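User: Hi! I'd like to go through a new model with you. Could you put it up?

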Amino acid sequence: MWYYWIFFALTMALIIFGVAFSLAYRGRKPVCPVEFAPPECKLIHFSAFWHGYTKKCDLSALIVQWAQMGCVKIQKDGKRDVILIKKKKLPEHRSPAEKKYFDALFNKRKVYSSREINSGAHRYDRQIIGMAVSDLLNEATSPIVYAKGVMTARSLVIGSSLLCAFLLLAFFSIVNDGYGMLIFIAVMIFIYCAATKGLVQIWDEFNSGRGGSIFYRFLNVIVTVMTLFVMVPFALFYGLLMNLVYDPALDYANLLLINDIWILLCIIFAPKIIKKRTEESQRLYGKMLGFKKFVQMAEVRKLQTLLEEIPDYYDEILPYCMVMGLSSKIDKKFAYLKVAAPEWAIGFDLDDMARSVFSCIKSAVKVKPVKDD
């Protein structure tokens, strides 16, 4: 039928529109000069420039930075519990939100115990810490990471895929006389979009909060497999549709296939592709990649020379390596150099210190949510 080609042309126009926006706002590879030190900026801003947004788990690296400044000591207490001992207040030049978070952890006390704070008697303290974390994360959004129009482009591209779904629904409503199959198609499109988007949100949530643990990697594989299985209902739908209502004279199988592939690409991959950064963000990101390359590729002799020139080099780069997921890498690199254990870290194995500190503090400062009565 002649109107099939109208729907086909509209669908292709939406796809071309989405591809054009994706290419216009795609992330570009930055210039990556080799850097032996990370770029100078606030640690929470460093997290924002590295990930695209500040991850809550990176507040653990901030506490390590406090320890290096002599404001706290970190003591390992059991497998998952950590004690933070307050030594002095944060310097005046630290941001108000950061000082509020520090004061919330040590509210009228000198010692923060993860085991104690998560007990039932400290409901109010957990509420104060939660509000301080929110303020600190809100402050961390101040650096502009992505170029103007990136979020709009993502919305338009994903919106184009949904418009394709509605075009498909409109076409089926014309070629089918009964409402039963039309309702079935609408329900399947809804299930497809909701399930796929839901699984992507689950993936992002665990990506922002679980770091690089074995459990996270296992869960990542499971979620990926589940995302693929979202296509199973649609596969059943294809078979039912072809058997019940398909008419060779109405060649809409291609339209159906093109629409569904485009929806899948937009919902899952568009947010990963559309990541154009501002010039300043691109420059800093390039320096970060250059520093990461140095940590991964540097020879032990080079690191030894740096430690002789900068005795505190290991302590200074430690929080930034934690943010970049290089904890295990620097543990392996510096294990050969027999670097002395920092005086602020008590009870940690030096050979596995960076990964262990990051993992333990991350669990310690993640307080249980306060439920409403």
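Analyst: Happy to. One term to start: a residue is called buried under 20% relative accessible area, exposed over 50%, and partly exposed in between, with a 1.4 Å probe and protein chains only. This is a predicted model, so local features need pLDDT of at least 70 and side-chain atom pairs count only at pLDDT 80 or more, while totals for chains, interfaces and linings use all residues. Residues are numbered from 1 along each chain as its sequence is written, and side-chain values use heavy atoms, with hydrogens and water left out.

User: Great. Is F17 buried, exposed or partly exposed?

Analyst: F17 is partly exposed, because its relative accessible area is 32%. F21 also counts as partly exposed, at 24%.

User: Where do F17 and F21 lie?

Analyst: Both are in helix α1 (residues 2-24), four residues apart, which is about one turn of the helix. Helices here are DSSP runs of H or I with at least four residues, strands are runs of E with at least two, and both are numbered from the N terminus.

User: How many aromatic pairs does a search of the whole structure find?

Analyst: Seven. F17 and F21 form one that is tilted, with 4.7 Å centre to centre and 50 degrees between the planes. For the cut-offs: rings of Phe, Tyr and Trp (its six-membered ring) pair if their centres lie within 6.5 Å; planes under 30 degrees apart are stacked, over 60 edge-to-face, and the rest tilted.

User: And what about F102 and F106, buried or exposed?

Analyst: F102 and F106 are both buried. They form a tilted pair, 5.1 Å centre to centre with 50 degrees between the planes. Together with W66 and Y101, they make up one aromatic cluster.

User: Which ring does the charged end of R277 sit over?

Analyst: The ring of Y285, 4.0 Å from its centre. K276 lies over the face of Y25, at 5.9 Å from the ring centre. The criterion is NZ of Lys or CZ of Arg within 6 Å of the ring centre and within 35 degrees of the ring normal.

User: Switching to the sheet: what order do the strands come in?

Analyst: The order is β3-β2-β1-β4, an open sheet of four strands with mixed pairing. β3 and β4 (345-346) stand at the edges with a single partner strand each, so one side of each has no neighbour in the sheet. Helix α3 (residues 59-68) packs on the sheet and touches β1 and β2, its direction making about 120 degrees with that of β1. Contact means heavy atoms within 4.5 Å; axes are lines fitted to C-alpha atoms, for helices over the stretch in contact, and angles run from 0 to 180 degrees between N-to-C directions.

User: How many bridges join β1 to β2?

Analyst: Six, between strand β1 (residues 72-77) and β2, which run antiparallel. DSSP must find at least two bridges for two strands to pair. V72 stands opposite K86, and K76 opposite V82. On β2's other pairing, three bridges link it to strand β3 (residues 111-113), again antiparallel, with L84 opposite Y112.

User: How many residues of β2 are buried?

Analyst: Five of the six in β2 (residues 81-86). Helix α2 (residues 43-51) is mostly covered too, with eight of nine buried, including F46, F49 and W50. After α2 comes G52, with a positive phi near 100 degrees.

User: Last one: what fraction of the protein counts as buried?

Analyst: 45% of its 373 residues.
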